[in-house]
Amino acid sequence: SGLASLVLQSQSFFTLLLAAWWLKERWHANQMAGLLLAAVGLVLIGSASGAVHGVSMPLLGFVLTIAAAVMWACGNIVTRAVGRYGPMNQLAFVVWASLVPPLPFLALSVWLEGPDAIVQALQHIDLAAVAAIAYLAWAATLLGYGLWTHLMSRYPTNKVAPFTLLVPIVGLSTGWLVFGEALRPIHFAGGALLMAGLLVNVFGAPLFARLKAATAK
């Protein structure tokens, strides 16, 4: 799951490609430099995670995760395109969109796990499971995706999408603090490159403009 979460962050790059194609948003030098730094950071973290846990991702899992990243990027583009037409109610957008995923998820659960597993899970639900469901529904979906939709509808995708690259840092640090998982120096190096890439993406435009002007002179 850790490697899958890293591969899923490729949605940032797919989002930029689709935004340039469909929305005609231009790339800037600082954004490309920031993404390259972040990409190197992701590679370092991914290689270290694989070495620590001794696992690899099957080809089918890799392809499906890439497909999920592409679909996430398409959702970002749809959100951005809708936001261009004027103000939108982000909470309502997330709530109504949330009516769609339960149907394929339920079908997949019945197919892969079977009805008996679903009944058993419902019969033995505990407080921890209820808390997890509440967090996923209210904090992660309504609040998290509501804020994400708000940002996507108001600002260019190439400024917002790279922020999902923080997910591996949050995951690694949470695993370290909560579960006592060991972090290696390469994890810290990859995290530093990720943060540097985000800083360059968000705040690097004036610096690159000055460098361009100096080069022109």
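**View 1. The contact between helices α5 and α8 in the predicted model.** In this contact, Gln 90, Leu 91, Phe 93, Val 94 and Val 95 of α5 meet Thr 141, Leu 142, Tyr 145, Gly 146, Thr 149, His 150 and Ser 153 of α8, where contact means heavy atoms within 4.5 Å. By class, the residues of this contact divide into 6 nonpolar, 6 polar and no charged, with Ala, Val, Leu, Ile, Met, Phe, Trp, Tyr, Cys and Pro counted as nonpolar, Asp, Glu, Lys and Arg as charged, and the others, Gly among them, as polar. The two helices pack at an angle of about 120 degrees with their axes 8 Å apart; axes are lines fitted to C-alpha atoms, for helices over the stretch in contact, and angles run from 0 to 180 degrees between N-to-C directions. α5 and α8 are therefore oblique to each other, given that angles under 35 degrees count as roughly parallel, over 145 as roughly antiparallel, 65 to 115 as roughly perpendicular and the rest as oblique. Their crossing is right-handed, a term used if the near helix is turned clockwise from the far one by less than a right angle, anticlockwise being left-handed.

The model is predicted, with local features needing pLDDT of at least 70 and side-chain atom pairs counted only at pLDDT 80 or more, while totals for chains, interfaces and linings use all residues. Residues are numbered from 1 along each chain as its sequence is written, and side-chain values use heavy atoms, with hydrogens and water left out.

**View 2. The contact between helices α4 and α8.** Trp 72, Asn 76, Thr 79, Arg 80 and Gly 83 in α4 meet Trp 148, Thr 149, Met 152, Ser 153 and Arg 154 in α8, a contact that has 3 nonpolar, 5 polar and 2 charged residues. With their axes 7 Å apart, α4 and α8 pack at an angle of about 60 degrees, and they are therefore oblique to each other. α4 passes α8 in a right-handed crossing.

View 3. The axes of α2 (residues 11–22) and α4 (residues 59–83) come within 8 Å and cross at roughly 45 degrees, so the two helices are oblique to each other. On the α2 side, the residues in contact are Gln 11, Phe 14, Thr 15, Leu 18, Ala 19 and Trp 22, and they meet Ile 66, Ala 69, Val 70, Trp 72, Ala 73, Cys 74, Asn 76 and Ile 77 in α4. This contact divides into 11 nonpolar, 3 polar and no charged residues. Cys 74 lies in helix α4 and, leaving aside its neighbours within four places in sequence, is in contact with Leu 18 and Trp 22. The C-alpha atoms of Cys 74 and Gln 11, which are 63 residues apart along the chain, are separated by 9.0 Å.

**View 4. The largest pocket and its lining.** The largest pocket has a volume of about 2,000 Å³ and is lined by 39 residues, of which Trp 72, Pro 101, Ala 140, Thr 141 and Tyr 145 lie nearest its centre. On a 1 Å grid over the protein atoms alone, a pocket is an open set of points where a 1.4 Å probe fits, with protein on both sides within 12 Å along at least five of seven lines, and lining residues have an atom within 4 Å of a point; the volume is the space filled by probe spheres set on the points, which are joined across faces, edges and corners. The elements that give two or more residues to this lining are α1 (2–8), α4, α5 (90–97), α6 (102–112), α8 (127–154) and α10 (167–179), and the largest share, 12 residues, comes from α8. By class, the lining divides into 28 nonpolar, 11 polar and no charged residues.

**View 5. The protein chain as a whole.** The chain has 12 helices and 0 strands, these being DSSP runs numbered from the N terminus (helices H or I, at least four residues; strands E, at least two).
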